[in-house]
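I opened a new model today and went through it one feature at a time. These are my entries.

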Amino acid sequence: MEKVEVKAILGPVTSMEAEFIVNMGTKAQIPIISYSATSPLLFSTRAAYFIRAAQDDSAQVHAIGALLQAFGWREVVPIYVDNEFGEGIIPYLEDTLQQINVRIPYRSVISPLANDDQILEQLYMLKTRQTRVFVVHMSANLGFRLFSNVKAAGMMSEGYVWILTNGISNFLDLLDRSAIESMQGVLGVKSYVPKTKQLDDFTNRWQVKFQKDHPNMTKNPTLNIFGLWAYDAASALARAAEEVGDVNSVFLKDNKPSNLTCLDNLKVSQIGPKLLQAISNTKFRGLSGDFSLLGGQLQSSTYQIINVIGNGGREIGFWTPEKGLTRELDNSCCSYNAKPNLRAIIWPGDTSSIPKGWVIPTSGKKLRILVPVRLGFEEFVKVVDDTVTNTTNVTGYCIDVFKTVMAMLPYHVPYEYVPFAKSDWNVTPSYEDMIDQVYRQNCDAVVGDVTIIANRSLYVDFTQPYSDSGVVMVVPIRSTNKKNAWTFLKPLTRDLWVTSFCLFVFIAFVIWLLEHRINEEFRGPPLHQAGTSLYYSFSILVFAQREKVVNNLTRFVLVVWIFIILILTQSYTASLSSMLTIQQLQPTVTDLSELIRRGEFVGYQEGSFVEGLLTQLGFHESKLKPYCTPAELDEQLTNGSAKGGIAAVFDEIPYMKLFLANYGSKYTTVQPIYKTGGFGFVFPTGSPLVSDVSTAILNLTEGDILVAIAKRWIPQEGVCLITSGHANTTSLGLDSFSGLFLIAGIASLLALSMFAVFFLYEQRKILTHSGISIWTKIWTLAGKFDQRETEFHTFRKTKQHQSSNGDTRSVHLDGVDASETTPNTDCPPRPSIHSLSPEVNFASSGEGGSQSPDHVHSAADMQTVIVVDFLAQV
C-alpha cells in the first residue's frame, strides 16, 4: 500500500489474515475483497472497506438447526477450533438452537496446534458424557486429523451423530481415501453451486491448464467452491475497475506527526470510495451462481446436505429459507414436520436407524434416583433398611410405576435409589428440598409422589403425570334422619302440597260443571253437589270413586288427571320409603368460605405444597395443622376444631382415595376440586430421558397395567369421590311436577271451553234477544244451566222406565197437557216454567179448583215470569 499504491486487495485467505488487512484497507480506503474469510466476526461497521465474496458462516446455522429439529435431537455439543474462525459461529449457533429448544450442555474447544494426544483427551472426555450429537466447525486440515482420532477412540460407532459445517464439507473432494474412511456416516452442510454449461466449460479449461502447468501430478485436480468464489471476486473487481475508469489516480498523505507508526502514515486512496461503490453495485451470473452483494456480503442462502458414504459425500437433500429441508430444490413441499424430507441416510456404524442422540454414559455411573422417606401413606413409597443384607428396599405404587416405565424403554438405563430423609427419619421430608437437589445436580432424578406444579417446573423437568390430579376437601359427615309424627308430610314441599290441593278442588269443580245438567249423581242440594264433586276428585287418589260420569269431556279430563295422580302417588311413595329406610348423610361443612369465616382449623399433609395453596386461598397460617399418617388424620377430624383437631383436610386425590378406602364411612369430599398436574417423575432441565419416559407413561396409561398396579397398592372397594356431598333424599318440589300440572290445567280448560261453546250455541236465542238486559240474560242462562237436559240419553232412559211403571202424572195447563217425570231424588220436584204463570189452574182434591194464596205474585215477579215463560215457549 505504501510503495506500490494498490487500488484494491484480493485474497486474504484466512479470517485471521483478513482481520489485520481489513484495518489497513479501512485507513487507506482501499477495498479488501476476500473469497475465503468466512468468520462473522470480521463484518462490522468498522470494516467499511471489507467485501466478502463468500458465504458468511452464520448463514449455515439455520440449516444445522433444521437437521437437529427434523430428527428430534434435543442436545448438541459443538466442537470448534480455538481461534476467530471457530468462535465466530458459536453465538449465532446458540441463538438458533435456543429458538428450537435445543440445548448445548457443554462445548469442546480444540487448539489449532493440538497434537493427537490432546485431541484424544478431548474425545475421551466427550465419550463419558451422555450427548452423542456433535457439530464440528474448524479448518479442513484440523478436521481431518480430528476424525482420524474419532475413529481411533471408537466414536464412529452406532449411536453417534456428526454434523460438519462447510469449513470441512467444502474440502471433502480434496481428501484421500484414508481420510474419507474415517468419516463414514457423517452429515455435512455444504455450499451449493448450481451446475451450468458455463461452469462445465470453465472447469474443463482449468483442468487442462492445471495439468499443463503441473505435468508431474497424477491425480485429477478438482476446483472447489473457494476457487469459484475467487474467480467471481476477480471478475467483479475487473468489472468495477472498468466502470470507474481512472485507475492511475494518486494517493494523498495525511499531515500527521512523523513519529507515528507506519499504519498511521498510510496514504489515502482517492479512487477507493468509487471503486468500493462500483463493486457493491456489480451484479452478474458467475461460476458459483448469482453474484450479488448486500451490505458488502455475497448473498447465497442455499445449502446442500451431504452424507459421507463410500468415496465421498453423497447428496441427500437441500436447505433453503423458504422450504427448509427438501429432497429436491424444485420440490414444492417442505419439511417443517416430524419426518425429514431427505434421501436415505447411512449413519455411523453402517446403520440406517436414526440415532436417538444420547446414551447413558459409558463410565459405569448409575443414575442416582432420590426417593422420599415417608412417615405415612407408605403405599406410595416405602423405604426399609435391611440390616441383614445391608441394603435398602424401596417399594410402593410410585416405585412399581417407575420400574415398569424403565423396563419399557428401548435401551437399558442403570440406576440406584438414594433415600432422602430428615435427620430423625420421623418426619416426611420437604419435596421442595428434593427438587432442589435435582436442580443443583446432586442427583439425577426424583421418583415418588411428587406433584407437578408450575413453580417447580421452572427449575426441573417433569414427565407426563401417571396419577389423578387435583386437591380436594374432606370433611366429616353427620346423619340427618329425624323421624316424627309429621314425617309423612316431608316427601312433598309445602308449595307442592298447596298446589296439589288447589288442583284437586279445581278438578272437582270442572267435573261438576260438565256433569251437572246430565248426571243425577251430581244434582241435588248445593252441599250434596259440592260433597259429591270433591269426594269424586279426591277418591281418585285410591281409585275408589263410585259415581259414574256420562260426559265425554269429563272422561277426557279424568284420563289426564288419573295419569297425573298415578305419577304423583308413586313419587310420594318412593320418596317416603327412602326417607324412612335409607340413612341420610350430610357433610358438616359445604363451603371453604364457611371455614374461613368461622375460623376453623384445617389440615394438610406434612411436607406438601398444599400448605402454600391454603394460604393463597385465604387461610391464616395459625389455622393450619399438619398431619403425617391416615390414623393421625382420622383422630384430628374426629376431634374437630373445638377439641383441638381440625374441621376439614385438604390434600391430593390419590391420598384421599387411600384415606377414604379405610375411613370412608365417616367422611366425604365436597366441592371444589383444585386442579394440579398429578404425580410425575423429576429430571434435570433438558434431560433427554424426559421424552422417552413420558412416552412410556402414555403407553402405560392406555392399557390395563397402570390400573393393575394401582389395585395392588391402593384399595378400590368403597372408594368414591363425590364432589357434591353424599347422596341425600330431599323433598319433592313443585318444579318436578309443574309440567304435569300444566297439562292437567290445559286439558281442563279445553274441556270447559268446549262445554261453554256447546251450551251457548244451544241457548243462542237468549243471547241474541234484544228485549232484555244483560243481567237478565245471565240469570236466564244460569237457570237454563241448572235445569236437566231432558233430551240427554240418560234422562230418556229414565223417562221410559218410569212410563212403563205408571209413574207419570198429567198437569192441565189451560188445555195444554204437560208431562213431567219425577226425578230420582229425595228432593221435591222443581216446578215447571208453565206452573209460574198466574193463569195456570191446579186441580187439587178437596179444593174445587180454588187458587192458593201462595200463588199471588207481585207486579215485578209477574213481569219476570212472563219474560221467562216467553223465552221457554220460544
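**Entry 1: the whole chain**

I count a residue as buried when its relative accessible area is under 20%. I call it exposed over 50%, and partly exposed in between. By that cut-off, buried residues make up 44% of the chain's 874 residues. I noted that this is a predicted model. I looked up the secondary structure next and found 27 helices and 31 strands. Residues 24 or more positions apart account for 71% of them.

**Entry 2: cavities**

A probe the size of a water molecule, rolled over the atoms, shows where empty space is left. How many cavities of 30 Å³ or more are there? The count is two.

I took the largest cavity to begin with. Its space comes to about 80 Å³. The lining has 13 residues, and the closest to the centre are Y431, D449, S608, E652 and Y655. How does this lining divide by residue type? I get four nonpolar, four polar and five charged residues.

The second largest cavity has about 30 Å³ of volume. I listed its lining as P78, I79, Y80, I89, I90, L93, V135, H137 and T165. Seven of these residues are nonpolar, two are polar and none is charged.

Which elements supply at least two residues each to this second lining? They are β4 (77–81), α4 (90–99) and β6 (133–137). The most comes from β4, which gives three residues.

I picked H137 out of the lining of the second largest cavity. The residue sits in strand β6. Is H137 buried or exposed? H137 counts as buried, because its relative accessibility is 3%.

I checked what its side chain reaches. The side chain of H137 comes to 3.1 Å from the backbone oxygen of F85. I then left aside the neighbours within four places in sequence and listed the contacts of H137. They are D57, Q60, I79, Y80, V81, F85, G86, I89 and T165.

**Entry 3: positive phi**

Most residues other than glycine have a negative phi. I looked for residues that depart from this.

Q29 is not a glycine, yet its phi is positive at about 55°. I placed Q29 in the loop between α1 (15–28) and β2 (32–34). With a relative accessible area of 27%, Q29 is partly exposed.

F377 is not a glycine either, and its phi is also positive, at about 55°. F377 lies in the loop between β17 (367–372) and β18 (382–386). Is F377 buried or exposed? Its relative accessibility is 2%, so F377 counts as buried.

I followed the strands from β14 onward. Strand β14 (residues 303–309) pairs with strand β15 (residues 312–320). The sense is antiparallel, over seven bridges. I309 stands opposite G312 of β15. This hairpin has two residues between the strands, and G310 takes a positive phi near 70° in the hairpin.

How many bridges join β15 to strand β16 (residues 324–326)? I found three, and this pairing is antiparallel as well. W319 stands opposite L325 in β16. β15 and β16 also form a hairpin, with three residues between them.

**Entry 4: L760**

My last stop was L760. I found L760 in helix α23 (residues 738–762). L760 has a relative accessible area of 37%, so it is partly exposed. Which residues are in contact with L760, leaving aside neighbours within four places in sequence? The list is L767 and L781.

L760 and L781 are 21 residues apart in sequence. Their C-alpha atoms are 8.5 Å apart in space.

Technical notes
Residues numbered from 1 in each chain as written. Heavy atoms only, no water. 1 Å grid on protein atoms, 1.4 Å probe; cavity = no way out; pocket = protein on both sides within 12 Å on 5 of 7 lines; lining within 4 Å. Points joined across faces, edges and corners; volume = space filled by probe spheres on them. Nonpolar A, V, L, I, M, F, W, Y, C, P; charged D, E, K, R; others polar. Helix = DSSP H or I, 4+ residues; strand = E, 2+ residues; numbered from the N terminus. Buried < 20%, exposed > 50% of the residue type's maximum accessible area, 1.4 Å probe, protein only. Pairing = 2+ DSSP bridges. Polar contact = N/O pair within 3.5 Å; in protein donor to acceptor, adjacent residues only side chain to side chain. Contact = heavy atoms within 4.5 Å.
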